[in-house]
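Here is a short note to read beside the model. Please keep the structure open and find each residue as it comes up.

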Amino acid sequence: MTALTKPQPNHDADASGAVLALDLGTTTGWAMRLAEGTIVSGTMEFRPGRFEGGGMRYLRFRSWLDHLLGGAKGISAVYFEEVRRHAGTDAAHIFGGFLAHLTAWCELNHIPYQGVPVGTIKRHATGKGNASKDMVIAAMKVRGFNPEDDNEADALAILSWAIDTAGGVR
């Protein structure tokens, strides 16, 4: 987990609580701006164990979301990378499972959520809608973050987009 300890300005519509950004997948990248402005980020693994059924990854995902909600003392909005094309069938199924659980969890907790197209995230972060993973990582480093991989960098880019555009309003 990384943290940017310098508080960021709360100039968006979701300033009343924490804002969570997710890059959904078996290795989920996450970034959160806490209510006071501190940004924390990292990755979480949701690979099923050897003796577990495939649904265990989603149960752990929901439990982890509950943990984030409690730790942040409330989440006012969730943004996630809206992927329209996947490299393979398994990736599409896994993404769909995470998306279904995320949106159901948000509905249950009365948290607004929004998907952000991949090109929009990359364009905002780098100026190019078809930027490479390395370009997004470099762009997040320029913003003062130190992502451990492309999943964390994508989550930070989503969060940066959400903060800078007030969730697409600006």
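1. **An aromatic cluster.** Start with the rings. Trp 30, Phe 46, Tyr 58, Phe 61, Trp 64 and Phe 98 make up one aromatic cluster. Keep in mind that this is a predicted model. Across the structure there are eight aromatic pairs.

2. Look at Tyr 58 and Phe 98. Their ring centres are 5.1 Å apart and their planes meet at 65°. The pair counts as edge-to-face because that angle is over the 60 degrees required. Tyr 58 sits in helix H1 (residues 56–72) and Phe 98 in helix H2 (residues 89–108), so the pair ties together parts 40 residues apart in sequence.

3. The cut-off for buried is under 20%.

4. **Another edge-to-face pair.** Now find Tyr 79 and Trp 161. With centres 6.0 Å apart and planes at 75°, these rings also form an edge-to-face pair. Tyr 79 belongs to strand S5 (residues 75–82), while Trp 161 belongs to helix H5. Tyr 79 is buried at 5% relative accessible area. Trp 161 is buried at 9%.

5. **Strand S5.** How many of the eight residues of S5 are buried? Seven are, and the strand is mostly covered.

6. **The neighbours of S5.** Strand S2 (residues 18–23) runs parallel to S5, and five bridges join the two. One place to look is Val 19, whose bridge partner in S5 is Ala 77. S5 also pairs with strand S6 (residues 113–117), again in the parallel sense and over five bridges. Here Glu 81 has Val 116 of S6 as its bridge partner.

7. **Salt bridges.** Turn to the charged side chains. How many salt bridges are counted? The count is four. Among them is Glu 45 with Arg 47, at 3.4 Å from N to O. Glu 45 is partly exposed, at 44% relative accessible area. Arg 47 counts as exposed, at 52%.

8. **A bridge between two helices.** Lys 133 and Asp 150 form a salt bridge with an N to O distance of 3.3 Å. Lys 133 lies in helix H4 (residues 133–142) and Asp 150 in helix H5 (residues 150–165). They are 17 residues apart, and the pair links distant parts of the chain. Lys 133 is exposed, with a relative accessible area of 52%. Asp 150 is partly exposed, at 22%.

9. Asp 164 forms a salt bridge with Arg 143, and the closest N and O atoms are 3.2 Å apart. Asp 164 is in helix H5, whereas Arg 143 is in the loop between H4 and H5. The separation is 21 residues. Both partners are partly exposed: Asp 164 at 31%, Arg 143 at 35%.

10. **The order of elements.** Step back to the whole chain. What does it contain? There are five helices and six strands. From the N terminus, the elements run β-β-β-β-α-β-α-β-α-α-α.

11. Along its principal axes, the C-alpha trace spans about 45 × 35 × 25 Å.

12. Of the 170 residues, 47% count as buried. Take the contacts with a separation of 6 or more: residues 24 or more positions apart account for 62% of them. The chain exposes about 8,400 Å², and carbon and sulfur atoms supply 54% of that area.

Notes:
Residues are numbered from 1 along each chain as its sequence is written. This is a predicted model: local features need pLDDT of at least 70, side-chain atom pairs count only at pLDDT 80 or more; totals for chains, interfaces and linings use all residues. Side-chain values use heavy atoms; hydrogens and water are left out. Buried means under 20% relative accessible area, exposed over 50%, partly exposed in between (1.4 Å probe, protein chains only). Helices (H or I, at least four residues) and strands (E, at least two) are DSSP runs, numbered from the N terminus. Rings of Phe, Tyr and Trp (its six-membered ring) pair if their centres lie within 6.5 Å; planes under 30 degrees apart count as stacked, over 60 as edge-to-face and the rest as tilted. Contact means heavy atoms within 4.5 Å. Accessible areas come from the Shrake-Rupley method with a 1.4 Å probe; for residues, only the protein chains shown count as cover. Two strands pair if DSSP finds at least two bridges between them.
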